[in-house]
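Get the model on screen and follow along.

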Amino acid sequence: MIPRIIPLIAAIALVAAACSSAGSANDTVPSPTLTTTSSTVANTTTTSAPEETTTTTAPDDGFPVTIEAPNGQVTIQSKPERIVSISPTSTEVLFAIGAGPQVVAVDDQSNFPQEAPVTDISGFTPNIEAIASYNPDLVFLSFDPGDVIASLEAIGIPVILHPTALTLDDAYGQWEQTGVATGRIAESVELVETTTASIDAAVQSLPEGAGALSYYHELDPTYFSVTSATFVGNLYALTGMTNIADAADPDGYGFPQLAAEYIVDSDPSLIYLADTKCCGQNGDEVAARPGWNALSAVTNGAVVELDDDIASRWGPRITDFFDVVVASILELANA
Amino acid sequence: MSDVRFESITVDYGSGPVVSDVSFDVTDGEWMAVVGPNGAGKSTLLRTLVSAVDHSGQATVGGVPVSTLRERERARVVSYVPQRPLYPQGMAVFDFVLLGRTPYMGPLASESGEDVALVWEALVSLHLESFAGRDVATLSGGETQRVSLARVLAQRAPLLVLDEATASLDLSGQHEVLELIDRLRTLHGMTVISAIHDLTAAGQFCDRVALLAGGSLVQFGHPAEVLTEPVLQKIFEPAIRVIEIDGNPVVVSLRTEESTP
Amino acid sequence: MSAGRPVETRLHWWWVGGAVVVLILSVILGVMIGAVGLSPIGIIRSVLDKVPGLDVDSGFTQRDEAILWQIRMPRVILAVIVGSVLSAAGAAYQGVFRNPLADPYLLGAGAGAGLGAILAIAYGPDATAWIVDPLPLAAFLGAIGGVALAYVLGYTVRSGRTSVTLILAGVAVASFLTAAQTFIQQRESDTLREVYGWILGSLNTAGWSEVKLVLPYIVVSLLVIMGSRRLLDVLAVGDTEASTLGVRPGRIRLVVVVFATLATAAVVAVSGLIGFVGIIVPHTVRLLTSASYRIVVPLSILLGGVFLVFADVIARTALAPAEIPIGVVTAFFGAPFFAVVLRRGKGVVS
């Protein structure tokens, strides 16, 4: 029937929109602009949380502050104590830099850390009134479905948009900006430095010949993958491995669906499954796929089950993700 | 045997009876006309013979109540042409007429040689041989009437039920079709019951006439008995006149001084 | 008084033969082409090697053999099956409902399958937890449930169980089930990608197990639909006249719908909702040959397979090694193709 074409087109548009908003090339986050002296930045062995929560209203606690977020200039008058986060990554960052006590509500997908105050605000279709009912003084989003930002700003709530990062520097920039916005500058800088150190150490531990390996990162059981033009692809790239999906994505859109026979033919050295939680995939399932049992990754036990969430966010747990990747390479090398 | 008996037929859809306690007989081989004003219940009465309406009372054919017959058995006994038959686009005349053989073919069977022969015979009888491959939906009114008659002829049922067989035809077309029906009737010994608007034609072609009005049978008998001015003026309108030409009642509606506004 | 062109009444043997030849050629083409370049000679040798008694070396690696026999071959076979079924079901639905816009999803089979799918994806157990994969099972049951619901609704209508009543009931049911599916999708927003991927249809994960799974349903249903083709022609004159010819339109409709839905549910379970095929193929056959179901049904079965094999070839090679969802291909390439047939065909549509 003719009307059936319409949902088809809508479906295509939605998939395209979801994919493009989730990872194609986007603006790099500019470094935050501070209007006060940032003497605390140099102080990297930092200050424990209790010291920060005793807020004085002295002007040098960093507020008011104006930052250049990806959604424009955002001015925060005083240290926010009622933060609402509609972005799982921002939630993780907030808690990692000690701003947890300042957070009053997070969206239904923010499942880490445990102590985050989860509500049923939807990350995909956020309800303005639901957000406003928490009386927030700052809101974090990772994308803007339908002018949520404009609506919140119209009622005087400052909003920071931190979309999917493309490179590590993008992510670090967002973390530091989060620190500035919440009065946790020192903690955010420390987070960046420990993360950098961890990743560097992991890269150092890679065996020679890691660069000769190839990998396939699976987003769902119909063989959607990520290329090197995505955040997680950039992380993988630090190991020097080749991504078999790159050949399938000449336009750099980032999330191609691969033909089954191409994956088998490419015979990736390692297979990473990011669809373990959503879709129940694991090593046995992969081995049972038609024609896949002959793959070297299957015979070598190099099918790695990732945590879907960790593999899709750009927050502090990227070190966990990266450690798993490096460990799998080492295990393969020593096998 | 295809004599028909209507016994106290009443049809009520819920807002009053459309046919009310109608009873009469049709003898084997005769042509019975069912006449009456619009809405008198003629079509509904005829449809009881093909089990197309729920009714109380009994309609029997050859002594067997129609409602007790399985559809295939009934289709071999009663054939029917509705007021507005459907002529599907893209269906060949041959295939349309072949549908008349459906009651003789098992659900998974195809047509036999005998079926095909009977179809050709029907086409020839109605001078439709050259139309066999034509799309039924492209034919004229007169041609489609003949095609419908060919189908019921192929069906070889002893009772033929026609609902306004000449509705969309001009004068000569009408006459032609009625002559055809009469010829087929005598040739194959069929009993015919037909609803007719044209009272004069009913008088000329039919053996007897059943006059319905408001769902009830108000007059029944030979044309000369039913097609009279007292009867028709009461049922139809005061302007009806019946004159006799060559012994046939001719019914006309004349404009009079009183009937002009 | 129009001089119409003669209408075809017979299923000419050369039509059937021609369609079979085209089908075989398209299968061969489908097996030869793929994202991975396998040499045609090697493929032929590999096929010959399977013949008992012959021992031919194809020159392929074990991996290439796996690609050919475990991935590409079942995928092409499944494309033939899915295309045949959707076309046969579409023709059958068009026949019993006397509606040229009818497709296999008319009575809510598609919407029901979609709802089943989202329920399985959002709330179902992991694929590994059960013996059978819950997603195809849920889609299958959902498709059948949707049609059953439409029938129950249609049968409760006082004014009669006509084909129009059923269609309207199907529209109501399909709309409701689609709304339910959308609602759940929005609430469980992390399932969006997986659900839309499934809805647009894909043969990318096809293997012999999927073929074996659907085959029994397909064979039985196609036999029933083929057997009913003469009765579909009888239904063309409308329910009233058809019953005066000695058939029971309501019962024919029920039987045909049951088997057409069974087959549709089975293929939807393994391939998702592939649209357009069920309407386009029967109409193309009508435009090129005849409106009689004795011709439309068998030719739709054969050419439906051809159409989907070609669509699948395009889906997996146009942007190789990336895949295009096959539902996009059938609409994108099917529509202009059908426009050409519409303009140049000599037959009629309904």
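Predicted model: local features only at pLDDT ≥ 70, side-chain atom pairs only at ≥ 80, totals over all residues.

Residues are numbered from 1 along each chain as its sequence is written, chains are lettered from A in the order written, and side-chain values use heavy atoms, with hydrogens and water left out.

Let's start with chains B and C.

| Feature of the B–C interface | Value |
|---|---|
| Residues in contact (heavy atoms within 4.5 Å) | 37 from chain B, 28 from chain C |
| Buried area (accessible area, 1.4 Å probe, lost on being put together, summed over both parts) | about 2600 Å², 54% of it on carbon and sulfur atoms |
| Salt bridges (side-chain nitrogen of Lys or Arg within 4 Å of a carboxyl oxygen of Asp or Glu) | four |

One of the salt bridges pairs Arg294(C) with Asp95(B), with 3.2 Å between the closest N and O atoms. On the side of chain B that touches chain C, H2(B) gives the largest share, four residues; helices (H or I, at least four residues) and strands (E, at least two) are DSSP runs, numbered from the N terminus.

Now over to chain A. Helix H3 (residues 88-96) is largely enclosed by the rest of the structure, because eight of its nine residues are buried (under 20% relative accessible area, 1.4 Å probe, protein chains only). Among them are Pro88(A), Glu92(A) and Phe95(A). The buried residues of H3(A) pack against strands E3 (83-85), E4 (103-106) and E5 (138-141) and helix H6 (168-182) of chain A. Just after H3(A), Gly98(A) has a positive phi of about 85°.

Conventions. Buried area = accessible area lost by both parts, 1.4 Å probe. Buried < 20%, exposed > 50% of the residue type's maximum accessible area, 1.4 Å probe, protein only.
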